[in-house]
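Thanks for coming. I have one structure to show today, and I will go through a few places in it. Please look at the picture first.

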Amino acid sequence: MTAIQEERTTEDLKALAEQAGRDLEDASALEILQWAVDTFGKRFCVTSSMEDAVVAHLASRAMPGVDVVFLDTGYHFEETIGTRDAVEAVMDVNVITLTPLQTVAEQDAQYGPRLHDRDPDLCCRLRKVEPLERGLKSYVAWATGLRRDESPTRANTPVVGWDEKRQKVKISPIARWTQDDVDAYVAEHGVLTNPLLMDGYASVGCAPCTRRVLEGEDARAGRWAGRAKTECGLHG
């Protein structure tokens, strides 16, 4: 199968995504990613928060040298930046680091310090959503590490779907996986993971908005704890 041609219309892509979501529901993560690579070629990328490198590792098996897009918000834990650097050094991927239009200091000067405490939605929009939308412009399809078991808001995540906001095909190859599946893959393949996952963090985001989870909480409970906010805007 050859990579998708430029002349495909938005409606064609949407229909393709929805059909693939049905056809590939029971496929393995590697089969889903191989479909993406065969269909989109270099116009496909993986995004990674560097919580772990599972999807990046899977995608590198389907396409050695695959583009892995990372958002450096300026608020990451040192461990997250270290994980990114290690992934870049040891895996057969091309890490692309995206940054916001403003540094943290420039944002503080315009909006006041600790915007993440006063208006976390705006902070996420400036430091995550806008950079990602710029960074994805040259791609037709992107892969994420979303899993249905992470939280109620992700329970219906399709393995392949249509990203209406960005008008792109969105692939979640491990959507059906459980944490046990992730742990087994990490152990089998020696995949890099963020050290914070061994220190009580079940989901790793920006340092000011992330805490360790308590027993019985879902994996996303440590993100924006105490607020109604559950997503940064990248996936909602």
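Start at F77, which is buried, with a relative accessible area of 14%. The cut-off for buried is under 20%, so F77 falls on that side of it. Keep in mind that this is a predicted model.

Which residue does F77 pair with? Its partner is Y201, and the two form an aromatic pair that is edge-to-face. The ring centres are 5.5 Å apart, with 65° between the planes. Edge-to-face applies to planes over 60 degrees apart. Y201 also counts as buried, because its relative accessibility is 10%. The pair links distant parts of the chain, 124 residues apart. F77 lies in the loop between β2 and α4, while Y201 lies in the segment after α8.

The count of aromatic pairs comes to three. Another one of them is W35 with F40. Here the ring centres are 5.5 Å apart and the planes stand at 90°, so this pair is edge-to-face. W35 and F40 are both buried.

Next, helix packing. Two packed helices are described by the angle between their axes and the distance between the axes. Take helix α2, residues 29-40, and helix α3, residues 54-62. They pack at an angle of about 55°, and their axes are 9 Å apart. That makes α2 and α3 oblique to each other, and their crossing is right-handed. On the α2 side the contact is made by A29, L30, L33, Q34 and V37. On the α3 side it is made by V55, L58, A59, R61 and A62. Sorted by class, this contact has eight nonpolar residues, one polar and one charged.

What is the angle between α5 and α7? Angles over 145 would count as roughly antiparallel. The crossing of α5 and α7 is right-handed. V104, Q107 and Y111 of α5 meet L122, C123, L126 and R127 of α7. By class, that contact has five nonpolar residues, one polar and one charged.

Last, stay in α7, residues 120-135, and find V129. Is V129 buried or exposed? With 10% relative accessibility, V129 counts as buried. V129 and L71 are 58 residues apart in sequence, and their C-alpha atoms are 9.3 Å apart in space.

That is the end of the tour.

Definitions and conventions: Residues numbered from 1 in each chain as written. Predicted model: local features only at pLDDT ≥ 70, side-chain atom pairs only at ≥ 80, totals over all residues. Heavy atoms only, no water. Axes fitted to C-alpha atoms, helices over the stretch in contact; angles between N-to-C directions. Helix = DSSP H or I, 4+ residues; strand = E, 2+ residues; numbered from the N terminus. Parallel < 35°, antiparallel > 145°, perpendicular 65-115°, else oblique. Left-handed = near helix turned anticlockwise from the far one by under 90°. Contact = heavy atoms within 4.5 Å. Nonpolar A, V, L, I, M, F, W, Y, C, P; charged D, E, K, R; others polar. Phe/Tyr/Trp six-rings, centres within 6.5 Å; stacked < 30°, edge-to-face > 60°. Buried < 20%, exposed > 50% of the residue type's maximum accessible area, 1.4 Å probe, protein only.
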